[in-house]
Amino acid sequence: MAFFSKLFNKTSLPQNALFAPCQGRVVPLSQVPDPTFAEGMLGDGVAIIPSCGKIYAPCDGKVDTMFETGHAVSLVSDSGAEVLIHVGLETVSLNGGPFKVHCSSGDKVKKGKLL
């Protein structure tokens, strides 16, 4: 999960560093087959083709919104960054079936906590 760990040593991590929320292959958002993401309508970021089925907090912060269906979560990091983690495409229609939620809106989380 420590995606950025090779870029920074422990003493030089920037305060606002975000870590990968899951293991997998990173691809540009422009390669996501959904214009909302590919055209950056929700902001800058990356897509990760996951190699496991768990999503972790990429930073210390607060869960702003845990979507009822479990397909997405928005966080506000302790440094003020707003982070949206959206799992899959067209996953709203699954009504939460494949997702198990481990936190709630308003929870404080530490980097690496299972979401």
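Author: The chain's secondary structure comes to one helix and six strands, where helices (H or I, at least four residues) and strands (E, at least two) are DSSP runs numbered from the N terminus. This is a predicted model, in which local features need pLDDT of at least 70, side-chain atom pairs count only at pLDDT 80 or more, and totals for chains, interfaces and linings use all residues. Residues are numbered from 1 along each chain as its sequence is written, and side-chain values use heavy atoms, with hydrogens and water left out.

Reader: What pattern does the chain follow along the sequence?
Author: The pattern is β-α-β-β-β-β-β.

Reader: Which strands form the open sheet, and in what order?
Author: Four strands form it, in the order 5-4-3-6, with antiparallel pairing; two strands pair if DSSP finds at least two bridges between them. Strand 5 and strand 6 (108–109) are the edge strands, each pairing on one side only.

Reader: How many bridges join strand 4 to strand 5?
Author: Five bridges join strand 4 (residues 72–77) to strand 5, and the two run antiparallel. They form a hairpin with four residues between them. Gly80, in the turn, has a positive phi of about 100°.

Reader: And what does Leu75 stand opposite in strand 5?
Author: Leu75 stands opposite Val83 there. Leu75 of strand 4 is also the bridge partner of Val63. Strand 3 and strand 4 pair over five bridges in the antiparallel sense.

Reader: Which residues of strand 5 are on its covered face?
Author: Val83 and Ile85 are on the covered face of strand 5 (residues 82–86), while Glu82, Leu84 and His86 are on the uncovered one. In a regular strand the side chains alternate between the two faces of the sheet.

Reader: Turning to Thr65, is it buried or partly exposed?
Author: Thr65 is partly exposed, because its relative accessible area is 30%; buried means under 20%, exposed over 50% and partly exposed in between (1.4 Å probe, protein chains only). Thr65 is located in strand 3 (residues 61–66).

Reader: What is Thr65 in contact with, beyond its neighbours within four places in sequence?
Author: Thr65 is in contact with Ala72, Val73, Ser74 and Ser105, contact meaning heavy atoms within 4.5 Å. The C-alpha atoms of Thr65 and Ser104 are separated by 7.4 Å, although these residues are 39 residues apart along the chain.

Reader: Finally, what share of the chain is buried?
Author: Buried residues make up 28% of the 115 residues.
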